[in-house]
Structure formats: C-alpha cells, structure tokens
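Trainee: I have a model open and would like to learn how to read it. Could you take me through a few features?

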Amino acid sequence: MNRRQWIIISGISLLALLAGVFSSHWISQTGLASDPSIKAFFANSWQTPDGKPANSENWRNKVLVVNFWASWCPPCVEEMPALDKIAQEYADKNVLIVGIGIDSPSNIREFLQKTPISYPIVIGGLEGSNLAKQMGNTQGALPYTVIINPQGKSIYTKLGKISEDELKKAINSAL
C-alpha cells in the first residue's frame with residue numbers, strides 16, 4: 001500500500017471516529033414514556049414466571065419503577081440487588097418496583113431460583129421488548145428503567161445500569 005492510500009484510509013477512519021463520537025450521545029438518549037405507551041403498559045396482560053396473571057391495576061397510584069431486564073444481561077443482573085434493596089426500603093412509601101423479564105419463562109424461573117427477588121417479576125418476551133421501545137428505549141438495549149408517578153406520568157427513564165443513588169434520587173423526586 002502506498003503513502004496516498006494510507007492517508008486516504010487514515011482520513012476516512014478519522015471521520016468515522018468523529019462521527020461515532022458526535023453521534024453516540026444522540027443515540028444513547030432516551031425520551032420519557034408517552035401517555036399512550038403507559039396506557040399500553042397497564043393494559044398488557046402480564047403473567048408471572050409460573051404462568052399466573054399479574055394484575056397491573058394493583059400497580060396504579062404508586063410511584064412505579066419499571067425495570068426491563070434479562071437473565072443473560074450482565075448489567076441487568078448487577079443492578080438487581082440494589083433494586084431489591086430499594087424495593088424493600090421504599091415499600092411503605094407507596095413505591096413499587098416491577099421487573100419485566102425480556103426472556104423465556106423457563107429462563108426467568110431458573111434465574112429466580114438462584115437469585116430470589118422480593119419485587120414482582122413478570123414475563124415480557126417480545127411484546128415487552130416492543131413496549132420498552134414505545135416507552136422511550138429507542139435502542140432496544142437492556143437494562144431499561146422507567147419511573148411513573150402516582151398520576152400515571154413518566155418522570156424518568158434510564159438506559160443502562162442504574163445506580164442505587166440515581167434511583168433513590170428519581171424516586172424521591174416523584175414522592
């Protein structure tokens with residue numbers, strides 16, 4: 001390869017790098033969940049990992065933390081102890097955390113046998129993934145967290161692992 005080809009390749013690589021840097025912030029942004037997507041969330045017929053129906057009407061009029069996750073997602077699994085701790089800490093403050101498993105029921109059951117969680121977990125599957133996208137997760141990546149206030153409005157979304165401090169701050173702003 002001659003010098004001119006190296007310069008052209010280096011120039012194209014530099015342009016691609018700059019495009020990636022400038023677009024990464026735009027790509028990772030999430031929006032608040034729309035009112036129609038929240039209505040669709042509550043209207044969905046959720047099921048527990050053992051196949052029983054979950055009544056999402058019981059989730060209304062609370063600060064609701066909706067966490068989309070999967071057992072094969074390392075950041076999802078890493079944030080679960082903090083979610084579980086906060087679920088117990090805020091249980092008497094009208095706060096509920098609900099995990100939406102984007103995985104098969106058998107994988108979720110197996111995971112929960114090894115990693116007990118105190119907050120409700122329901123099966124999301126493909127419909128749950130589509131709903132997460134409607135709720136602002138434009139990338140379709142996991143974990144994805146949405147906080148809905150007692151009036152049914154989205155007040156916070158987070159794509160990626162959420163820290164305990166971040167979650168507490170968002171919950172406290174909704175209380």
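Trainee: How many disulfides does the structure hold?

Mentor: A disulfide is a pair of cysteine sulfur atoms within 2.5 Å. Here there is 1 disulfide, joining cysteine 73 to cysteine 76 with an S to S distance of 2.3 Å. Before we go on: this is a predicted model, where local features need pLDDT of at least 70, side-chain atom pairs count only at pLDDT 80 or more, and totals for chains, interfaces and linings use all residues. Residues are numbered from 1 along each chain as its sequence is written, and side-chain values use heavy atoms, with hydrogens and water left out.

Trainee: Why is the disulfide of cysteine 73 and cysteine 76 called right-handed?

Mentor: The torsion about its S-S bond is about 75 degrees, so the disulfide is right-handed.

Trainee: Are cysteine 73 and cysteine 76 buried or exposed?

Mentor: Buried means under 20% relative accessible area, exposed over 50%, and partly exposed in between (1.4 Å probe, protein chains only). Both cysteine 73 and cysteine 76 are buried.

Trainee: Where does H3 kink?

Mentor: A bend is the angle between axes fitted to the seven residues ending at a residue and the seven starting there. In H3, a kink of about 35 degrees lies at methionine 80, shortly before proline 81. Methionine 80 is also among the buried residues of H3, which include Leu83 and Ile86.

Conventions
Helix = DSSP H or I, 4+ residues; strand = E, 2+ residues; numbered from the N terminus.
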